[in-house]
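Please keep the structure in view while reading.

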Amino acid sequence: MAKIQAIRGMNDILPDQTPVWRYLESTVEQVLGQYAYSEIRLPIVEKTELFKRSIGEVTDIVEKEMYTFNDRNDESLTLRPEGTAGCVRAGEENGLLFNQVQRLWYRGPMFRYEKPQKGRYRQFHQIGVETFGMASADIDAEVILMSAQLWKRLGLLDHVTLQINSLGSNEARAVYRESLVSYLNEHFDQLDDDSKRRIKSNPLRVLDSKDPETQEILKKAPSLEDYLDTDSKQHFEQLCSYLKAAGVSFEINPRLVRGLDYYCKTVFEWVTDSLGAQGTVCAGGRYDGLVKQLGGRPTPAVGFAMGVERLVLLLETVGVSKSVRKDKNIFVAPVDKAYKEHAFKLADLLRNSSESFHVESHFSGLKNINSKAKASGAAFSILVDAESVNLWKHGAIPDREKYAFSVLRNKLAELSSSYHVEKLAGAGLYGKYRIDLENLSLL
């Protein structure tokens with residue numbers, strides 16, 4: 001019988017990969033908590049109409065990329081292709097939005113049927129931030145500064161660049177759209193195929209074309225900046241002022257647009273060239289009209305989303321992932337089966353002694369146990385024999401494990417009636433501890 005394989009573009013995240021994912025997720029959770037953002041957990045399946053009304057029916061996502069199906073009641077449902085629409089739906093349905101201020105975040109898988117490539121898959125994961133009820137530029141600056149602090153905490157700030165732009169109001173953008181379409185139609189035959197198609201469905205996305213010939217044509221295209229309304233200009237100037245005051249470097253990219261119809265005023269992207277071709281790792285902006293578009297009362301809103309797979313790839317590419325704590329830092333085993341119970345008790349006691357201890361125990365196949373301890377990947381190991389508890393170091397202790405090693409030494413010394421340090425520096429046997437494991441109580 002043939003083995004069943006994973007669906008193309010929907011990947012397993014294996015045990016040797018998850019430590020980097022957890023490092024990213026825990027850092028995000030810590031930073032967002034410090035800015036007083038609250039987590040909201042959302043369904044991965046929504047009514048198809050939600051995405052048609054929010055994203056726009058004549059978009060690549062709705063027309064080509066959504067996983068849509070009818071359930072047993074013949075209702076059209078869709079695996080979420082993005083998180084903002086579902087967050088707005090949940091906020092409106094549960095009375096969280098009107099005349100209130102909300103700072104929310106969420107995480108989880110999204111789904112789009114597109115050609116899988118490195119860092120972009122059919123099931124992909126996003127962490128999203130959405131704020132509601134604040135119309136001034138200070139909240140735009142806050143979410144951008146918060147993302148900058150996240151890159152700093154992750155060790156990525158030197159590998160990303162902030163690009164910002166203003167799309168203006170919906171009314172101003174509609175006037176600009178007419179002017180842009182008129183110009184593009186004059187050069188229609190010289191445009192790439194994607195841009196020709198987008199003239200009718202979403203002409204502002206032509207500005208984002210990577211085709212060299214199209215880029216040349218766009219050099220003389222009408223500029224969105226010339227069509228901005230006064231309020232949007234002032235809003236953007238205030239945003240730039242906040243970012244400069246906070247020391248956040250940025251580039252104004254007049255061709256930066258977002259692929260979804262609901263954006264207005266501020267849009268921004270964090271981009272990197274460390275992954276080869278310039279890639280976006282985080283993007284967002286203001287969407288003041290979306291809540292009303294989905295049936296609620298007008299509510300100002302701004303947010304962003306970051307792709308977890310692409311950020312993990314960036315962490316690995318620039319070498320940050322090498323310093324991430326692995327699943328274990330202490331390996332505990334008896335040198336002989338006669339001491340299994342002693343090693344069993346000691347391992348469990350250590351697990352519950354400190355959050356810095358990540359203990360793997362080993363009780364079978366004890367032949368060449370020293371070699372197995374070294375090969376375990378733990379920074380240090382404890383081997384239990386008839387005389388003592390023996391603490392070994394496997395090479396220089398990584399900076400991330402120095403605190404755990406200090407706590408471990410103190411804990412073993414506390415438990416022992418006597419101990420002897422064999423070797424302070426380098427790899428090898430560090431110390432021998434006499435501990436009464438026979439009468440050691442775990443509870």
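The protein chain has 14 helices and 17 strands, where helices (H or I, at least four residues) and strands (E, at least two) are DSSP runs, numbered from the N terminus. The model is predicted: local features need pLDDT of at least 70 and side-chain atom pairs count only at pLDDT 80 or more, whereas totals for chains, interfaces and linings use all residues. Residues are numbered from 1 along each chain as its sequence is written, and side-chain values use heavy atoms, with hydrogens and water left out.

Along the principal axes, the C-alpha atoms of the protein chain fill a box of roughly 85 × 60 × 45 Å. Of its 443 residues, 47% count as buried; buried means under 20% relative accessible area, exposed over 50%, and partly exposed in between, for a 1.4 Å probe and protein chains only. Among contacts (heavy atoms within 4.5 Å) with a separation of 6 or more, 69% join residues 24 or more positions apart.

Eight strands form an open sheet of mixed pairing, in the order S1-S5-S6-S11-S10-S9-S7-S8; two strands pair if DSSP finds at least two bridges between them. Strands S1 (38-39) and S8 (251-252) stand at the edges with a single partner strand each, so one side of each has no neighbour in the sheet. Within the sheet, S6 (residues 123-132) and S11 pair in the antiparallel sense over seven bridges, and Val129 has Phe304 in S11 as its bridge partner.

Phe304 also belongs to the lining of the largest cavity, together with Val28, Val31, Leu32, Met146, Ser147, Leu150 and Met306. The elements that give two or more residues to this lining are helix H1 (18-34), helix H5 (137-154) and strand S11 (301-307). The largest cavity holds about 40 Å³ of space, and the structure has two cavities of 30 Å³ or more. Here a cavity is a set of points, on a 1 Å grid over the protein atoms alone, where a 1.4 Å probe fits but cannot get out, and lining residues have an atom within 4 Å of a point. Grid points are joined across faces, edges and corners, and a volume is the space filled by probe spheres set on the points.

Helix H14 (residues 399-415) has 17 residues and reaches 25 Å from its first C-alpha to its last, close to the expected 24 Å; the expected span is 1.5 Å times one less than the number of residues. Its buried residues are Glu401, Ala404, Phe405, Leu408, Lys411 and Leu412. Seen down the axis of H14, these fall within an arc of 130°, so they line one face of the helix; the arc is that of the directions from the helix axis to the C-beta atoms. An α-helix has 3.6 residues a turn, so residues three or four places apart point the same way. The buried residues of H14 pack against several elements, including helix H12 (340-351) and strand S17 (428-435). The face turned away from the buried side carries the exposed residues Asp399, Tyr403, Asn410 and Glu414.

Most residues other than glycine have a negative phi. Asp74, although not a glycine, has a positive phi of about 60° and lies in the loop between S3 and S4. Four bridges join these antiparallel strands, S3 (residues 67-70) and S4 (residues 76-79). Asp74 counts as exposed, at 59% relative accessibility. Asn368 likewise has a positive phi, near 55°, and is found in the loop between strand S13 (359-361) and helix H13 (369-375). Asn368 is exposed, with a relative accessible area of 53%.

Notes:
On a 1 Å grid over the protein atoms alone, a cavity is a set of points where a 1.4 Å probe fits but cannot get out, and a pocket is an open set with protein on both sides within 12 Å along at least five of seven lines; lining residues have an atom within 4 Å of a point.
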